[in-house]
Amino acid sequence: MLRYSMNRLFWFVPTMISIIILTFIILRLTPGTGVIPAGAQQISADTIARLERQYGLDKPLLQQMGIYIWNAARGDFGESFAYRPQSVNSILSRTFPISLKLGAYATIFAVVIGMTLGVLAAVNQNGLLDYISVTLAILFYSLPNFVMGFLLILLFVVWLPNRGVSLGFNIGGLEKPIDWVLPIIALGAAPLATIARFTRSSVIESIRSDYVRTARAKGLRERLVIMRHVMKNALIPVITLVGPIFAAVGTGSFFVEKVFNVPGMGPYFVESMVAKDQPMILAVVLVYGLFLAFMNLAVDLLYGVVDPRIRY
Amino acid sequence: MAESQARVADRTVVGVPAPTVGPITDVPEVARRLSGLAVGGELVAHRQRSLWGDAWRRLLQNKMAVAGLFVVSVFTLIAVFAPLIAPYAQSEVVDYRLARTAPTWLWPMGLDQNGRDIFSRLVYGARVSLVVGVLSQLLILAIGLPIGALAGYYGGKVDNFIMRSVDVVYAVPQILLVMVFLNIFGPGLVNIFIAIGLIGWVTLARLVRGQFLALREQEYVNASKVAGAGGSSIIIRHLMPNSLTPVIVSLTFGIPTAIFTEAALSFVGVGILPPQASWGQMVGDASHPGFIMTDPFMLLFPVLAIGLTMLGFTFLGDGLRDALDVRGSD
């Protein structure tokens, strides 16, 4: 296990370098260099050329990549084009922890409620909870998440308080603990539905296995059959998904953070791409990529915990 | 005990009449059956019925699956016969002054922000959205399943190389990759679903790999190996059928995701071009903060269309999985 983990950690280096190279190529294939805001006029070609020289964009692509990788290895991700003179490091060190914390809560929320709902839906196949899990999945996937956030605000901040039911929700900032509730629900809703559906179908498959029949035949209580025998074997797809889900919600969501005024890093994913803010794009992609690589390592190690027969 | 043997045995154990299996005399046949190669259901199949025939019969017995099949068929017919069904052309402005008229008898789903008939646009939008939503999932299946299978079955260096590549593709924002693809190959419906498919297989590959890692250690796989089955035969006959469950769920979730990806692409100008209609774009237009409060009907109908499509495929997918599972429900 330790040897396998060390090997995987070593592979983080080529993975990250590949991500940098691929992102550089993609950015080269899209128009503009992003040193000036899109649509900005009356900026002379001289100024643009000077800015591009200043940021090293006039150098050959390979040399740019080399310089970037060298700097990134030392923890320097440069200066944002769109938010200069702020450095990418200062923006991310301010916003990433907030997104991470919110994402962690949202993931826990999604996993706990989603798996519970999934198991209950599976043991009551075609029952009420089963239909609730289907409905939630369809609702959260057919409605764009900003509409979802909007509806949550309408419900908890406008509609219920107007009818005398105030739960004390605010929008704007995360000052009181209760302020976290709505963003967590908005962020965790779609993952919750995903986890519930995957749990349900895996549990249904697992329930039909022979060892479950054996466990029942020897008189084990149903709760223990589900917990000990069914869940263990149904967990693989759920674990597979939870890794990338945590990486995705832990790096923030554009819409959820915009709707609820969360000062996280989610908006930078979209805004940096709209502005073609190269240092920012590379940094958010790398943070996400590294997070994802760690989560996928954790997923693989968890496989071994759930099913000790699994080797790699 | 190998799982397939156990399956045959337990039919008698629980009192379900065991299917009649003729006396087996030739030794290779015994080895073949005992090795578990008969997992496809041959042992439980009745005379003259194939796995697929049996599955189809079971599918039609499942009410939810039939409902799903019905919804999917109706939507497909609507897409095919759109010009015959829609009262207006998809970009035809009924009356600009009547923009955002709520549903009436004349316009059952109302008029949109440009005074176009929402019902007609929904009917035409089915063409784009079903092609993008469904065909992209078939492409994802065609790419993700074999890649995940190879990584999961062979493990080791093969797995490491494939999964690290998946990590790279996964990390780079998918919408950027799709945009670059469309910039190179040009916009258009076919290129959109190809782009979504070429980039969206990573989740499926990871799911399949996870299943395979666990399944390849099962006794019946060892039994097959001992009986001399090769890698491809074990993958196709044993591991793939047994890892269908997460695959089907993943594909049903992929449909609305692809529909919205198309809308995002159109929004940045590399998708299909307005005024051509698609459900994702209609949701996007209706989600405008200025409309969402005053004219929620504009949002309602395209969301219902996407939701119903997903519902249809979910029920169909669940039914298909149950139908293909020879163990049946008990």
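## A partly exposed arginine

Arg213(A) is partly exposed, having a relative accessible area of 22%. Here buried stands for under 20% relative accessible area, exposed for over 50%, and partly exposed for what lies in between, using a 1.4 Å probe and protein chains only. Asp210(A) has a relative accessibility of 16% and counts as buried.

Arg213(A) and Asp210(A) form a salt bridge, and their closest N and O atoms are 3.6 Å apart. A salt bridge is a side-chain nitrogen of Lys or Arg within 4 Å of a carboxyl oxygen of Asp or Glu. The two residues are separated by about one helical turn, because they stand three residues apart in helix 8 (residues 210-217) of chain A. Helices (H or I, at least four residues) are DSSP runs, numbered from the N terminus.

## How the model is described

This is a predicted model, in which local features need pLDDT of at least 70 and side-chain atom pairs count only at pLDDT 80 or more, while totals for chains, interfaces and linings use all residues. Residues are numbered from 1 along each chain as its sequence is written, chains are lettered from A and ligands numbered from 1 in the order in which they are written, and side-chain values use heavy atoms, with hydrogens and water left out.

## A pair in chain B

In chain B, Arg57(B) forms a salt bridge with Asp54(B), with 3.1 Å between the closest N and O atoms. Both belong to helix 3 (residues 51-61) of chain B; they are three residues apart, so about one helical turn separates them. Arg57(B) is partly exposed at a relative accessible area of 30%, whereas Asp54(B) is buried at 6%.

Over all chains, the structure holds 20 salt bridges. Another of these joins Asp130(A) to Arg200(A), whose closest N and O atoms are 2.6 Å apart. This pair links distant parts of the chain: Asp130(A) lies in helix 5 (residues 128-142) of chain A and Arg200(A) in helix 7 (residues 181-207) of chain A, 70 residues apart. Asp130(A) and Arg200(A) are both buried.

## A network of salt bridges

Salt bridges also link residues into a network, made up of Arg8(A), Asp300(A), Asp159(B), Arg164(B), Asp167(B), Arg206(B) and Arg209(B).

Trp159(A) sits in helix 6 (residues 145-162) of chain A. With 46% relative accessibility, Trp159(A) counts as partly exposed. Trp159(A) and Arg74(A) are 85 residues apart along the chain, and 51 Å separates their C-alpha atoms.
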